[in-house]
Amino acid sequence: MITKKAPTVLPDPAGEFGLTLFTDEESGKEYLAAILGQPRGRENILCRIHTQCFSGDVLHSSRCNCHHRLHLSMELIKRQQTGILIYLRQDGLAAELAKKPDSSQRREGIDLTDHNTMNIPADEVRTCDYAVTILESLDVKSVRLLTDNPRTVEQLQKRGIPVTEHVPLRTSAPAFNDQALPAGSSFFHPPNNPIRENTTEPETLLEDQVLENIRDMLVQSSRNGRDYQPVITASYAQSLDGSITLQAGTQYQISGRQSLRITHGLRAMHDAILIGVGTVLADDPLLTTRLTNGEDPKPIIVDSHLRMPLQCNLLRNNQVNPLVATTEFAEEQALNDLQSMGAEILITAATQDRRVDLGALLRKLYERNLKTVMVEGGSQILTSFFNEQLVNLLVLTIAPQILGGLPGIRELTPDPEGARPSLREVRHALIGKDLMVWGAIHWSTS
Ligand SMILES: NC(=O)c1ccc[n+]([C@@H]2O[C@H](COP(=O)([O-])OP(=O)(O)OC[C@H]3O[C@@H](n4cnc5c(N)ncnc54)[C@H](OP(=O)(O)O)[C@@H]3O)[C@@H](O)[C@H]2O)c1
């Protein structure tokens, strides 16, 4: 018999979760239901049945996806403002660790799909019975089940809890770096059961998490940054062979829809977005955050000879006036024309070859309170930023294709000590078909 204890409250910015403790009198084990909103008597309640996993939930072990699934479920419930997380206890740490597949099993292809929820048949029956009892005591009429394990759906249905939707979590990683492939290639749909498969929420949630992680790195870099120049995030898309387009001066869409959304989210995180005039001429970009809800960053165009066309999108269709960085050698007429179209002109020091001195430009941007700048290309600008060791973070989208085109970075010159840039705190995530890799840039000789 399972008895219920008086609920307590778990405050959260998204609302108050009511925590209700259930005790199995026979075994003395306790189970928890974290409830948001008013699910009692209602249909289609978002529900996660999660079995305790000390190494995953608490220590965030990379041996399993438990922490990530738990986190995703809580986030989705918060977004819905209503839902239940049923947290079931294991038999003890020793039993839990003994059951958990290790990385060697994973390499051998054993399916880790939500192994957390149901481990072995005896557990499965018991675990499900507890969950059903809890759901019945909460008078939930039907659930939308957050799981990657089709057997959980099956088991609940068998025990009389209608599952109206199977919401796969599709976690490709605990956070990001798991080697396991995303689960969910074959979701089970019992015959004659109108279960809908929800794909949107977990997809965007993973995107949110990637952005959240990059934001953390950006904040960290800002804290450690210099007090005279902005933090620079270089971000671009390349093919497997490192090409950013087919050939210089032509546009080629490399990244997929999802990674593009992340790029727009990334733009929203920065005060400014910077490109070279070559990219304006080739792509005529808008540089807005139109695929997300964020604010548009200030567009900055590096254009020593003011070649930026007066008819380009940045001058005609962007809500934020672009800032055009040039040198004293620029022609006055071109300067006046651009200003008449709303561009702000920033005259900076010139390099020996009469190009914009990027270090000097960054100092001016900092003075204007532009403290975070995303550099989105193209090839010459990226190469200059790397060569001058101005990049703090790199966010790279790698699409699964081979183009044999224009390399993103060319002729990288090592510094006098022979140091080259590498990534620290490397993270990666599979976003749609693209691989996103990001981290902090570190210069070293090895
Ligand atoms: N896949 C991606 O993520 C991505 C992103 C962006 C662009 N792209 C592609 O990249 C191509 C454009 O690349 P790009 O190399 O031709 O153009 P770019 O790097 O965007 O712009 C280069 C121009 O910037 C100006 N510049 C001024 N100061 C500079 C400095 N210190 N260092 C470097 N450049 C300076 C130079 O023109 P002035 O000397 O006249 O000032 C130079 O020609 C396009 O085909 C575009 O489609 C791809």
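Is Asp139 buried or exposed? Asp139 counts as exposed, because 10 C-beta neighbours lie inside 10 Å; a residue is called buried if 20 or more other C-beta atoms lie within 10 Å of its own, exposed if 12 or fewer, and partly exposed in between, with C-beta atoms placed from the backbone.

This is a predicted model, in which local features need pLDDT of at least 70 and side-chain atom pairs count only at pLDDT 80 or more, whereas totals for chains, interfaces and linings use all residues. Residues are numbered from 1 along each chain as its sequence is written.

**First stop: two loops**

Select Asp139 in the loop between α5 (121-137) and β7 (143-146). Helices (H or I, at least four residues) and strands (E, at least two) are DSSP runs, numbered from the N terminus. Although Asp139 is not a glycine, its phi is positive, at about 55°.

Next, select Leu306, in the loop between β13 (298-302) and α10 (313-316). Leu306 is also not a glycine, and has a positive phi of about 50°. Leu306 is buried, with 22 other C-beta atoms within 10 Å.

**Second stop: the open sheet**

Display the nine strands that form an open sheet in the order β15-β14-β13-β12-β16-β10-β17-β20-β19, with mixed pairing. Two strands pair if DSSP finds at least two bridges between them. The edge strands, each pairing on one side only, are β15 (344-348) and β19 (420-431). From one strand to the next, the twist averages 25°; axes are lines fitted to C-alpha atoms, for helices over the stretch in contact, and angles run from 0 to 180 degrees between N-to-C directions.

Within this sheet, β12 and β13 pair in the parallel sense over five bridges. Select Gly276 and look across to Val302 in β13, which stands opposite.

Two residues are in contact if their C-beta atoms, placed from the backbone, lie within 7 Å.

At strand β15, select Ile347. Ile347 is partly exposed, with 15 other C-beta atoms within 10 Å. Leaving aside residues up to four places away in sequence, Ile347 touches Thr326, Thr327 and Glu328. The C-alpha atoms of Ile347 and Leu361 are separated by 8.5 Å, and these residues are 14 apart along the chain.

Select Gly378, in the loop between β16 (372-375) and α13 (379-387). A cis peptide bond joins Gly377 and Gly378, with omega at about -5°.

Continue into α13, whose buried residues are Ser379, Ile381, Leu382, Phe385 and Phe386. Seen down the axis of α13, these residues fall within an arc of 165°, so they line one face of the helix; the arc is that of the directions from the helix axis to the C-beta atoms. Just after α13, Gln389 takes a positive phi of about 55°.

**Last stop: the ligand**

Select the 32 residues around the ligand, of which Gly276, Gly278, Ser304, Gly377 and Gly378 come nearest. A residue is near a molecule or strand if its C-beta atom, placed from the backbone, lies within 6 Å of it. At least two residues of this shell come from each of β10 (231-239), β11 (243-245), β12 (272-276), α9 (277-283) and α13. The largest share, five residues, comes from α9.
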